[in-house]
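Welcome to this guided tour! Open your viewer, switch to a cartoon view, and follow along stop by stop.

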Amino acid sequence: MEINRDGYKVSVVIANYNAGNYIRRALDSLVRQTINQDDFEVIIVDDTSTKPLYIIQKYERKIMNCRQRAEAKYF
């Protein structure tokens, strides 16, 4: 079993493809969590959405350990 070297107790991974309001609701829920923000990370994996990711960028300032990863298109 691999040890979590980042020290987070919880990792939340969200798959996103043009999720719009759904992603907003998920991120709002994470902002309201009672667990200390130092104890969890949020990773949003975008699967080449056709809509802008400005909603997610807004939450990067509200959730301490929030980051995005964009997947490349494969043909």
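This is a predicted model: local features need pLDDT of at least 70, side-chain atom pairs count only at pLDDT 80 or more; totals for chains, interfaces and linings use all residues.

Which hand does the β-α-β unit made by E1, H1 and E2 have? Select the three elements in turn: together they make a right-handed β-α-β unit. Right-handed means that, with the strands pointing away from you, the path from the first strand over the helix to the second runs clockwise.

Residues are numbered from 1 along each chain as its sequence is written, and side-chain values use heavy atoms, with hydrogens and water left out. The labels come from DSSP runs, numbered from the N terminus: helices are H or I runs of at least four residues, and strands are E runs of at least two.

**Stop 1: the sheet**

Select the strands. They form an open sheet of three, in the order E1-E2-E3, with parallel pairing (two strands pair if DSSP finds at least two bridges between them). E1 (10-16) and E3 (66-70) stand at the edges with a single partner strand each, so one side of each has no neighbour in the sheet. From one strand to the next, the twist averages 20°; angles here run from 0 to 180 degrees between N-to-C directions, using axes that are lines fitted to C-alpha atoms, for helices over the stretch in contact.

Now zoom in on the pairings. Seven bridges join E1 and E2, and Val-12 has Val-42 in E2 as its bridge partner. Five bridges join E2 (residues 40-46) to E3, where Ile-44 is partnered by Gln-68.

**Stop 2: the helix and the core**

Next, select H1 (residues 21-31), which packs on the sheet, touching E1 and E2, and makes about 170° with the direction of E1. Contact means heavy atoms within 4.5 Å.

Show the side chain of Leu-27. Leaving out residues up to four places away in sequence, Leu-27 touches Ile-14, Val-42, Ile-44, Ile-56, Tyr-59 and Ile-63. The largest nonpolar core has 13 residues, and Leu-27 is among those that touch the most other members. Such a core is a set of buried Ala, Val, Leu, Ile, Met, Phe, Trp, Tyr and Cys residues joined through side-chain atoms within 4.5 Å. Buried means under 20% relative accessible area, exposed over 50%, and partly exposed in between (1.4 Å probe, protein chains only). H1, E2 and H2 (54-59) each supply at least two residues of this core. Six of the seven residues of E2 are buried, so this strand is largely enclosed by the rest of the structure.

**Stop 3: the salt bridges**

How many salt bridges does the structure hold? There are two, each defined by a side-chain nitrogen of Lys or Arg within 4 Å of a carboxyl oxygen of Asp or Glu. Select Glu-41 and Arg-67, whose closest N and O atoms are 2.8 Å apart. Glu-41 lies in E2 and Arg-67 in E3, so the pair ties together parts that are 26 residues apart in sequence. Glu-41 is buried at 5% relative accessible area, whereas Arg-67 is partly exposed at 38%.

Then select Lys-9 and Asp-39, with closest N and O atoms 3.9 Å apart. Lys-9 sits in the segment before E1, and Asp-39 in the loop between H1 and E2.
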